[in-house]
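Visitor: Please show me how to read a few local features of a model, starting with one side chain.

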Amino acid sequence: MYGLARNILFRFSGETAHELALDGLNAANRLGVLSPFVAKPVQAPVEVMGITFPNAVGMAAGLDKNADYLDALGTLGFGFVEVGTVTPKPQPGNDKPRLFRIPEKDAIINRMGFNNKGVHHLVEQVKQRKFQGIVGINIGKNLTTSVEDAEKDYLYCLKEVYPHADYVTVNISSPNTPGLRTLQFGETLEALLRSLKEEQTRLAEQHQRYVPIAVKIAPDMTDEEIRMVADNIRNQKMDAVIATNTTLDRDAVLGLDNADEAGGLSGKPVRDKSTHVIKVLAETLQGELPIIGVGGIDSAEAACEKIEAGASLVQVYTGFIYQGPKLVKEAAEAVAALQASRK
């Protein structure tokens, strides 16, 4: 069934197909005809960041930037759904076209540029959801906000989403907002995380509820840089690290159509890079901080590879686009079996 739908959708441009697929899911869910075609969610609870996730496989941020499709995605068997990246003010993102498929490698290049309807729209959507599962909200900065003032945008978003999120992800690793990745290093990162921790502490007291903060990092770092980032995240008492975002590396897709497009590459070509980052993080953190693995997960085997490298949870995006909902069930069952075997 999904193979036929994908063949039809892939006749359209990347972004048009994306919108058609999500609108179709939403319509089917509203009419009550979606759930009969979806496998029953895998029940294999795992506790991470103090949260009990129904299973270890989640939807990564980026697919549903505004939480407009949260209820529909929630029917597909995910253990959690992460929405965003959202910014304080609405912004259109980069010029179109900005989403490109490389089907020979089950890959996508995007340079969306944090296109979203703004944090207030997202919060209203999350408040109105019927989906009762775990929801993460991914926050970023506006394009017009300088890197020097980025902290203000992150703090504003954190304050707005805090009462409505099960966890919050700080996105400092998208390659499509100029200068954003510089926030990952040294004193700049330390200052940002310190401010976020202080605000988290204040908000926890205000709302009488502790909402964990995860930090999403890039795959394009040396081992030494990964270790430095890990130490910083640990020292500032963040709650988790998500590894990884998309890559700027094009070695795996050289010579293929769309390979020269600017933006972040996701899918199968980033699988090994993200797994390596997870391994270095795990060696550095020594279990002090959980890792959420994302990047190139298009099979149960790929999901288990992330767990074996040191992740506690995994997220899918590009693999889901190429493989469909069956990936969620297959990955969740395989990860559950692997985690059970370790107990």
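Guide: Start with Arg98, whose side chain reaches the backbone oxygen of Pro92 at 2.8 Å. A polar contact is a pair of N or O atoms within 3.5 Å; within protein, one must be able to donate a hydrogen and the other to accept it, and residues adjacent in sequence count only if both atoms are side-chain atoms. Another such contact, also at 2.8 Å, links the side chains of Arg98 and Glu15.

Visitor: What kind of model is this?

Guide: This is a predicted model, in which local features need pLDDT of at least 70 and side-chain atom pairs count only at pLDDT 80 or more, while totals for chains, interfaces and linings use all residues. Residues are numbered from 1 along each chain as its sequence is written, and side-chain values use heavy atoms, with hydrogens and water left out.

Visitor: Is Arg98 buried or exposed?

Guide: Buried means under 20% relative accessible area, exposed over 50%, partly exposed in between (1.4 Å probe, protein chains only). Arg98 has 5%, so it is buried.

Visitor: Which residues of helix 4 are buried?

Guide: Helices (H or I, at least four residues) and strands (E, at least two) are DSSP runs, numbered from the N terminus. An α-helix has 3.6 residues a turn, so residues three or four places apart point the same way. In helix 4 (residues 119-127), Val119, Leu122, Val123 and Val126 are buried. Seen down the axis, these fall within an arc of 100°, so they line one face of helix 4; the arc is that of the directions from the helix axis to the C-beta atoms.
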